[in-house]
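This briefing is for a reader new to the structure shown below. Please keep the sequence and the model at hand while reading.

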Amino acid sequence: MTEKELQEILEEEKKKNYQPVLKHDNAMLAKWLMIGKGDRTMAQYAAACGVSPSTFSRVMQSKPKKPLPLELIEKILLNDASDRLTYRELMRANGYLPMAQREKYRDDPSMLASWQEDDRRTNEMIVAKNLLYEKVRRNCMSKDYERLPVGEEGRMLSKFALREDSCYGPRHRLVFKIMEDGMPRWWLLCFREPRGLRDDVERWKKNGVSSDELKEKKERRVKSGAFDFVEEFLRLFLKDAWEPEALQDVKVSIVFTEPEIYRACLEMMKQVKLHSWISLICVDPDPVRDESDGIPEEKREVYRIEETLLEREDGETVRSIFEDELPLKSPADSEEDEEEIIEIEDTN
């Protein structure tokens, strides 16, 4: 698309009179910056947009407390190297919607709440993807790992693992080439969009569901999420059973952001013996504070990460780069927290 065509589209979009409606979404903005920079460094992208590298760096670290200036949103679009950014998506990430939609959501608040829930679920996945990529970049990429674009090789790897009609496009995948001895040659990470368990639980609580009924509903929802997981990755498990040689050089990791569903999937796969390197990873979307001495205030928020390699028939294992991460809470801890919350609500 030429600059003139892009400018015409921009002017047409601006006529829709975008207004602030939602809370700006730093994770989504960071995602669009990563896409828009193309092969350039983030500093080069910032320079093309006429801002300092620290401006984009703050967005990548989810620091801005206010939406980005609208002039900067336009420059981000006009200097997009991927030809994939749109004014509508950038403005939505910045918390703005066209006036017509703003009026619609004002008349029907439930539609806005539903949209916000969908955004929150997608953003949990994006945060997990950015976090894991950053961990690999810091710990391994200079020596043992090389990130690949989700191009031909990424699609080739994915066809071994996923259904033909899978929705696992570029935003749902990371592909790495591994040069470390004793490891598979390729690492494919598939990010599952959350199934909305947290939103459902909050909704049930607001509707006055009793603690016993809440527990029963949650158990059914978790079990359903585990069955969805098996159905979603059935092609991968069939490939492992019938053509394991197709996956002999590939490690496939399936990433969750809902700890309860992650644990249910682990329990379901406990009796299965595989031939391939397949692991489940969970990134808890709720960060905890690290109060250790010497850690700057802005870096005290830490995400819990856990990786479990599913058992192979030959008993072989491979090292996890997340071994030293803060582990997830145990189920017992989670239940105690939940009971305490319910007691407090009943007391009030």
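**Salt bridges and overall make-up**

Glu267 is partly exposed, because its relative accessible area is 49%. This residue forms a salt bridge with Lys270, and the closest N and O atoms of the pair are 3.0 Å apart. The model is predicted. Its protein chain contains 14 helices and 10 strands, and 43% of the 348 residues count as buried.

**The chain as a whole**

- Contacts in the protein chain between residues at least 6 apart in sequence can be sorted by separation: 72% of them join residues at least 24 apart.
- The structure holds 12 salt bridges.

**Further salt bridges**

- Lys270, the partner of Glu267, has a relative accessibility of 44% and therefore counts as partly exposed.
- Glu216 forms a salt bridge with Arg220, with the closest N and O atoms 2.9 Å apart.
- Both residues belong to helix α11 (residues 211-232), and because they are 4 residues apart, about one helical turn separates Glu216 and Arg220.
- Glu216 counts as partly exposed at 46% relative accessibility, and Arg220 is partly exposed with a relative accessible area of 48%.
- Arg203 forms a salt bridge with Asp200, where the closest N and O atoms are 2.8 Å apart.
- This pair sits in helix α10 (residues 197-206); Arg203 and Asp200 are 3 residues apart and so are separated by about one helical turn.
- An α-helix has 3.6 residues a turn, so residues three or four places apart point the same way.
- Arg203 is partly exposed, with a relative accessible area of 33%, whereas Asp200 counts as buried at 10% relative accessibility.
- Asp200 and Arg203 also belong to a network of salt bridges that links them with Arg221.

**Helix α2 and its contact with α4**

- Helix α2 (residues 26-36) and helix α4 (residues 53-60) have axes that come within 8 Å and cross at roughly 125°.
- On the α2 side, Asn26, Leu29, Ala30, Leu33 and Met34 take part in the contact; on the α4 side, Phe56, Val59 and Met60 do.
- By type, the residues of this contact comprise 7 nonpolar, 1 polar and no charged.
- Helix α2 is mostly covered, with 10 of its 11 residues buried.
- Among the buried residues of α2 are Asn26, Leu29, Ala30 and Leu33, which also meet α4.
- Lys31 and Trp32 are buried residues of α2 as well.
- The N-terminal end of α2 is capped by Asp25, which has a side-chain oxygen 3.1 Å from the backbone nitrogen of Met28.
- Just after α2, Gly38 takes a positive phi of about 60°.

**Asn17, a residue with positive phi**

- Asn17 has a positive phi of about 55°, although it is not a glycine.
- This residue lies in the loop between α1 (3-14) and β1 (18-20).
- Asn17 is partly exposed, because its relative accessible area is 37%.

**Trp187, in a strand**

- Trp187 lies in strand β5 (residues 186-191).
- Its relative accessibility is 2%, so Trp187 counts as buried.
- Leaving aside neighbours within four places in sequence, the residues in contact with Trp187 include Val136, Tyr145, Leu174, Phe176, Ile281 and Phe322.
- Ser253 is also one of the contacts of Trp187, and the side chains of Trp187 and Ser253 make a polar contact of 2.8 Å.
- Trp187 and Arg147 are 40 residues apart in sequence, and their C-alpha atoms are 9.4 Å apart in space.

**Arg312, in a loop**

- Arg312 is found in the loop between β10 (305-309) and α14 (331-347).
- With a relative accessible area of 10%, Arg312 is buried, because buried means under 20%.
- A polar contact of 2.7 Å joins the side chain of Arg312 to the side chain of Asp314.
- Not counting residues up to four places away in sequence, Arg312 touches Lys273, Leu274, His275, Ser276 and Trp277.

Technical notes:
Residues numbered from 1 in each chain as written. Predicted model: local features only at pLDDT ≥ 70, side-chain atom pairs only at ≥ 80, totals over all residues. Heavy atoms only, no water. Axes fitted to C-alpha atoms, helices over the stretch in contact; angles between N-to-C directions. Helix = DSSP H or I, 4+ residues; strand = E, 2+ residues; numbered from the N terminus. Contact = heavy atoms within 4.5 Å. Nonpolar A, V, L, I, M, F, W, Y, C, P; charged D, E, K, R; others polar. Buried < 20%, exposed > 50% of the residue type's maximum accessible area, 1.4 Å probe, protein only. Polar contact = N/O pair within 3.5 Å; in protein donor to acceptor, adjacent residues only side chain to side chain. Salt bridge = Lys/Arg side-chain N within 4 Å of Asp/Glu carboxyl O.
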